[in-house]
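Hi,

Here is the structure I promised to pass on. Have a look at it first, then read my notes below.

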Amino acid sequence: TDLFQSPDYFLVDELLSDEHKLIRDSVRNYVKKEISPIIEDYAQRAEFPEHIVKQLGDLGCFGPTVPVKYGGGGLDYISYGLMMQELERGDSGVRSTASVQGSLVMFPIYAYGSEEQRNKFLPKLGSGEWLGCFGLTEPDHGSNPAGMLTNIKDAGDHVILNGSKMWISNAPYAQVAVVWAKDEAGDIRGLIVERGMEGFSTPTTHGKWSLRASATGELVFDNVKVPKENIFPEVKGLKGPLGCLTKARYGIAWGALGAAMDCYDIALNYSKERVQFGKPIGAFQLQQKKLAEMITEITKAQLLNWRLGVLMNEGRATPQQVSMAKRNSCEVATNIARAARQMLGGMGITGEYPIMRHMMNLESVITYEGTHDIHLLVTGMDVTGFNAFK
Ligand code: FAD
């Protein structure tokens, strides 16, 4: 086969079922055919390849763990992780589109939504007919979302939504936005805002050097009338958004590792072919040190992710374990991307190879869904019992 072979130094593949490997191969094949050939151009032009939304839906990459009955894949968490790993090996922006749709839009509608909301939104989101986005971050409230200003006021059969959200992935193309806002009692509520509602707009964010093939925008709410039937009945408080973020971060832990695997694979092959001073550069100790450290870190992260997947399947994974895996994969991937980029010399800064794109993308991945610092504090608090956030 000429499909990508992931590094597997500790035979982790033996821990996967045949179904897992089949799913991985199908996404791997898709990335090879539909993503890798086009993504560099889209990223260079800072354009979102909108046509992939339907493709990702057809492939089952949206809401893989949501039950089939509601338009999901009904798969386990290892399958979901492997899908995200393969997508992000293509591009972090493509994986972001899938993470947002599956974990931050479909999951909350499934977990917190009414039966009517599930039936109305999930099948169309699962198939990729509709794209969704998730609005939590605000201009003045990023790491501290509890301070959000976006709010809803009761107005009979509907609420009036005011405020704004910033840095929202998929926003410019989304038909549906899951938005978190405070009610008059000060409780955080989740609601589904639909494109076309009066006073709702999604201006595009320009000038990003990272995730250039993913569309990012603001959500602006100017006295938007949202029917009460669009409010999640089942959840109140920060645990709503945080619950979805745990699912999405789990996918990021696998995804970022996919980008790292791609960088390692390219650097390894390049080191065998590129000759300087009469030898392949891979024969020099300094380059071997980089490669040896890369494969060591990839292997450790692979095992961590796999174990986390098992705990997720058993319903035993804690948000703190997910946080650790997200932080670990982001650190491993950013370091590997930088080292791999240097190993390619001048070629490493071009779009001939995906490394620089991965490297720039990963700066967003290490920042969103909780910054690296914040995840470190999560672990710090978990092991000491002391809250160092404030
Ligand atoms: P800040 O919170 O202002 O942090 C600035 C710095 O201060 C960071 O280094 C941080 O680690 C540090 N810091 C903050 N608090 C503490 C503390 N207590 N102790 C120590 N250090 C601290 N959000 C969404 O809601 N939906 C999306 O779809 C989405 N997509 C995104 C896509 C991209 C490309 C990007 C870049 C961001 C996206 N985000 C999204 C927002 C993202 O989650 C936030 O950027 C992130 O949470 C950090 O918030 P901030 O940018 O306001 O940084």
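Predicted model: local features only at pLDDT ≥ 70, side-chain atom pairs only at ≥ 80, totals over all residues.

Residues are numbered from 1 along each chain as its sequence is written, and side-chain values use heavy atoms, leaving out hydrogens and water.

Let's start with the ligand. There are 18 residues around it, and Thr137, Ser143, Trp167, Thr371 and Asp373 come nearest (being near takes a heavy atom within 4 Å). A polar backbone atom of Leu136 is 3.0 Å from a ligand oxygen.

Now the cores. A nonpolar core here is a set of buried Ala, Val, Leu, Ile, Met, Phe, Trp, Tyr and Cys residues joined through side-chain atoms within 4.5 Å, with buried meaning under 20% relative accessible area (1.4 Å probe, protein chains only). The largest one has 63 residues, and Phe134 is among those that touch the most other members, as are Ile109 and Trp180. A second, separate core has 34 residues, including Ala256 and Ile336.

Finally, the side chains of Ser364 and Ser210 make a polar contact at 2.7 Å (N or O atoms within 3.5 Å, one able to donate a hydrogen and the other to accept it; residues adjacent in sequence count only if both atoms are side-chain atoms).

Cheers

Methods. Buried < 20%, exposed > 50% of the residue type's maximum accessible area, 1.4 Å probe, protein only.
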